[in-house]
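Me: Could you take a close look at a single part of this model for me? I'd like one connected walk through a helix and what surrounds it.

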Amino acid sequence: SGFGIGRSFTFLNVDLQHKIWRLMQTNFLFAVGLGWGLGFVFPYLDNVLQKKILRSILKEPGLATGFGWGLGFMFDYLPKDLQQQSKLLLLNNNQFAFGLGIGHGSLFKYLNPVSQEKVWKMAEENVQFALGVGYEMGYLFNYLPVEIQQNILSKSKINYSISKGLG
């Protein structure tokens, strides 16, 4: 569904890149996958493609969701300026915020306690981010350590959006 193509997009010939971009505009799930792959490798893309992606996520909800997911998955490894830019984007793009939450939720159990606390703080400040975090943590709930499960359940009691995502 686009995951692999997004990560290898720059290695494709220009004609194929254009075909893929057109497919992304008409196929939501493909767009999510493409966005995830592009978000995963975003820091390594050239400025022209980075700007094209940032413009496109304003118009393409699937791309925005996947792009946020890919960036969220790699968030702790992103340069600080890109982390800040992501935090600004989540304020203005609900699909991106939801995807960023999914990405953070995907790796939550591997984050250090300081990063985990930052995720909870972001979830308090943004409903769509909280929904994404809750959605992914609900999906992974059975595979999480008991102490994280208990933490999620206690957070869900005070954050309706995390609860909704969990359920």
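Reply: First, a cut-off: a residue is called buried when its relative accessible area is under 20%. Keep in mind that this is a predicted model. With that in hand, let's go to helix α3, residues 28-41. Eleven of its 14 residues are buried, so by that cut-off α3 is mostly covered. The buried ones are Phe-30, Ala-31, Val-32, Gly-33, Leu-34, Gly-35, Trp-36, Gly-37, Leu-38, Gly-39 and Val-41. What do they pack against? Their partners are α1 (3-8), α2 (14-26), α4 (47-56) and α5 (61-73).

As for its length, α3 reaches 20 Å from its first C-alpha to its last, close to the 20 Å expected at 1.5 Å a residue. The N-terminal end of α3 is capped by Asn-27, which has a side-chain oxygen 3.3 Å from the backbone nitrogen of Leu-29.

Among the residues making the contact are Phe-67, Gly-68 and Trp-69 of α5, along with Phe-98, Gly-99 and Leu-100 of α7.

Pro-61 of α5 also takes part in that contact. Leaving aside neighbours within four places in sequence, Pro-61 is in contact with Phe-28 and Gln-95. Pro-61 counts as partly exposed, because its relative accessibility is 36%.

Methods
Residues are numbered from 1 along each chain as its sequence is written. This is a predicted model: local features need pLDDT of at least 70, side-chain atom pairs count only at pLDDT 80 or more; totals for chains, interfaces and linings use all residues. Side-chain values use heavy atoms; hydrogens and water are left out. Helices (H or I, at least four residues) and strands (E, at least two) are DSSP runs, numbered from the N terminus. The expected span of a helix is 1.5 Å times one less than its number of residues. Buried means under 20% relative accessible area, exposed over 50%, partly exposed in between (1.4 Å probe, protein chains only). Contact means heavy atoms within 4.5 Å. A polar contact is a pair of N or O atoms within 3.5 Å; within protein, one must be able to donate a hydrogen and the other to accept it, and residues adjacent in sequence count only if both atoms are side-chain atoms.
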